[in-house]
Every structure is written in C-alpha cells, then in structure tokens.
Amino acid sequence: MVEEAPRLRELAARVHTADVVDAMGRFHRHRCHLMDLKSPTPDRLLFGPAVTVSYLPSCEKSLPADRYNFTELFREAIRDGGQGRVLVLASNGYPDASLGGKVKLSPLAAHGLAGILTDARLRDFTELAEYEFAAYCSGEAVHWGGNAVTPYEANRPAVVSGVVVRPGDYVFADAAGAAIIPGAEVRAILEEAVRVVDEEARFVETSHGESGSAGGPKQ
C-alpha cells in the first residue's frame, strides 16, 4: 500500500465526503459516515490510514495515570510509524470531553501524522490551525478532559459516533463530514467515488442542455 500512497492521495483530492459515502453505499450496507464535525482546519482534507486510541471514564484506581496517559498510548498507536496516518480518538460516550489541544497534540506534527479525527472536543483551535495536520472533532473545548476520560487502549477496533474504525481503515474528512473506508478496499472505493463525481457532472451537463434547448428559440 505504501507504493500506492501517491495514487490514493491523487484520487482523494478529486472527491468529497459525500462522493465517498455514495461510493461506499455501492459496496456496503453499513453506515460509514460522521456528521456535524467542527474543525480548526476546514479547508484541509484529512486522509490516511487510521491508528486508534480509545478512552474510558477516568478512574485513578483502575486506570493509573503512569500507565494510562496520552503519551504512552500515542507511542503505542504509532509503534509501526506515524507518517501520513490519522489518529482516531474514540470518546466512548463523552462527546463534550476535551481529548487534546496545542500541547498534547504537538507530537502529531513531530511524527508527520496527517491529522486527527475524534467524536469528542479539542482545545486551542487557533493554535491547532498553525500545525500542518488537519483536525476534525465535535467542537472546541475550553476545559481539560482528564477528569472525565482517560486513554485506555491503542490500535484496537474503535467506535466513533457509531462508526467502526479498525486500525488500517482509511479516514476521509473534509468540511462536510467524514467517512471511514476499509483499508483493503480504499483504492476501489476512491475510484468509484471518482466515477460518482463524473456521473453527476454528466447528469448536470445533460440537464442544463435539455433546459436550454427547451427554453431557446426554435429553428
């Protein structure tokens, strides 16, 4: 898949989330999309294979901070490398908790990640926009979330806003929303999404032609 990365990025740049969702619908019946996302970088496409970290309600006794913390779980998530990957953080029912901000998420830039997707909140939108990665979340936070949730496990299947994300699945997100693509089918899905775009463009062009013909002068 590494050698295919440039081709995948080229295909991804030609489509939008709705096109990917339509393409997924031609292959699968399950829901793959996330809606109502907010972003400090809405003009940036987020695309890449997922690494995951799941959170649980904070409990110092059962989840001691020296083991269950973002630094440790992030290292575990990117143990095979972080370049071009998307960090997916699953809040598991805590969409209003903050899972990171400018300081905690700075390692994403240092390790070359494409960005972050979470169903919870992020802090410091202004500063996050200055990093090179893209970020999509449920909204901006002003309060830290460590009193509510704690990182629990890395690189296991996670559920984000009702959508399953497995490590290696591809994340596609833009200002409209996000879609999760099975890793083994990412090229086929993106190629189908390009076909969706082309089909819709032809339909619009034909519709405009018929409208112009109907309303124009008769020869």
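Predicted model: local features only at pLDDT ≥ 70, side-chain atom pairs only at ≥ 80, totals over all residues.
Q: How are strands read, and which strands pair with strand 4?

A: Strands (E, at least two residues) and helices (H or I, at least four) are DSSP runs numbered from the N terminus. Two strands pair if DSSP finds at least two bridges between them. Strand 3 (residues 86-90) pairs with strand 4 in the parallel sense over four bridges, and Leu-89 stands opposite Thr-118. Strand 6 (residues 134-136) also pairs with strand 4 in the parallel sense, over three bridges; here Ile-116 stands opposite Ala-135. Both faces of strand 4 (residues 115-118) are covered: Gly-115 and Leu-117 are buried on one side, Ile-116 and Thr-118 on the other.

Q: What is a nonpolar core, and how many residues does the largest nonpolar core have?

A: In soluble globular proteins, nonpolar side chains tend to be buried together. A nonpolar core is a set of buried Ala, Val, Leu, Ile, Met, Phe, Trp, Tyr and Cys residues joined through side-chain atoms within 4.5 Å. The largest one has 25 residues, and Leu-87, Leu-108 and Ile-116 have the most contacts inside it. Helix 3 gives the most to this core, with four residues. By contact (heavy atoms within 4.5 Å), and leaving aside residues up to four places away in sequence, Ile-116 touches residues including Leu-87, Leu-108 and Phe-133.

Q: How are aromatic pairs classified, and how many does the whole structure contain?

A: Rings of Phe, Tyr and Trp (its six-membered ring) pair if their centres lie within 6.5 Å; planes under 30 degrees apart count as stacked, over 60 as edge-to-face and the rest as tilted. The search finds five pairs. The rings of Phe-70 and Phe-74 are stacked because their centres are 5.7 Å apart and their planes at 15 degrees. Both residues lie in helix 3, four residues apart.

Note on methods:
Residues numbered from 1 in each chain as written. Heavy atoms only, no water. Buried < 20%, exposed > 50% of the residue type's maximum accessible area, 1.4 Å probe, protein only.
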